[in-house]
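Hi everyone, thanks for coming. Please have a look at the picture and the sequence on the screen, and then we'll walk through them together.

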Amino acid sequence: MLKRFLSRFRRDDSGATSIEYGMILALMFLVILGALQAFGGTGSGIFNNAMDAVRGAMGG
């Protein structure tokens with residue numbers, strides 16, 4: 001019984017697709033994280049400049 005189960009388990013490759021999708025998702029996450037770290041400082045500088053302009057326009 002155990003031999004038959006292990007034999008079927010070895011032949012079953014239906015979980016391979018979900019593992020591949022998981023690896024693709026992890027790679028996409030790492031790319032996005034790297035981009036945010038690389039360009040994060042620039043984005044906050046632009047935001048700070050815009051907020052300063054809004055404060056100046058409001059007289060504050």
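Let me start with a question: which residue forms a salt bridge with Arg 55, and how far apart are the closest N and O atoms? The partner is Asp 52, and the closest N and O atoms are 3.3 Å apart. By salt bridge I mean a side-chain nitrogen of Lys or Arg within 4 Å of a carboxyl oxygen of Asp or Glu. A search of the whole structure finds one salt bridge, and this is the pair.

Before going on, a word on where this comes from. This is a predicted model, where local features need pLDDT of at least 70 and side-chain atom pairs count only at pLDDT 80 or more, while totals for chains, interfaces and linings use all residues. Residues are numbered from 1 along each chain as its sequence is written, and side-chain values use heavy atoms, with hydrogens and water left out.

Back to our pair. Arg 55 and Asp 52 are three residues apart in helix α2, which covers residues 15-57, so about one helical turn separates them. Helices here are DSSP runs (H or I, at least four residues), strands are runs of E with at least two, and both are numbered from the N terminus. Arg 55 is partly exposed at 46% relative accessibility, and Asp 52 is partly exposed too, at 45%. For these words, buried is under 20% relative accessible area, exposed is over 50%, and partly exposed is in between, with a 1.4 Å probe and protein chains only.

Now the whole chain. It has two helices and zero strands. Its radius of gyration is 25 Å, well over the 10 Å that the globule rule gives for 60 residues, so the chain is more spread out than a compact globule. That radius is taken over C-alpha atoms, and the rule is 2.2 Å times the number of residues to the power 0.38. The C-alpha atoms fill a box of roughly 80 × 20 × 15 Å along the principal axes. And how much of the chain is buried? Of the 60 residues, 0% count as buried.

Next, find helix α1, residues 2-11, where Phe 9 sits. Phe 9 is exposed, at 58% relative accessibility. Together with Leu 2, Phe 5 and Leu 6, Phe 9 forms a nonpolar surface patch with about 440 Å² of accessible area. Patches are made of residues with over 30% relative accessible area and no salt bridge, joining like charges within 9 Å and nonpolar side chains (Val, Leu, Ile, Met, Phe, Trp, Tyr) within 5 Å. Accessible areas come from the Shrake-Rupley method with a 1.4 Å probe, and for residues only the protein chains shown count as cover.

Lys 3 is in helix α1 as well, and is exposed at 74% relative accessibility. From Lys 3 to Gly 34 is 31 residues in sequence and 46 Å in space, C-alpha to C-alpha.

Last stop, helix α2 again, which holds Ile 24. Ile 24 is partly exposed, at 46%, and its C-alpha is 50 Å from that of Gly 59, 35 residues away in sequence. Gly 40 lies in helix α2 too, with its C-alpha 15 Å from that of Leu 30, 10 residues apart along the chain.
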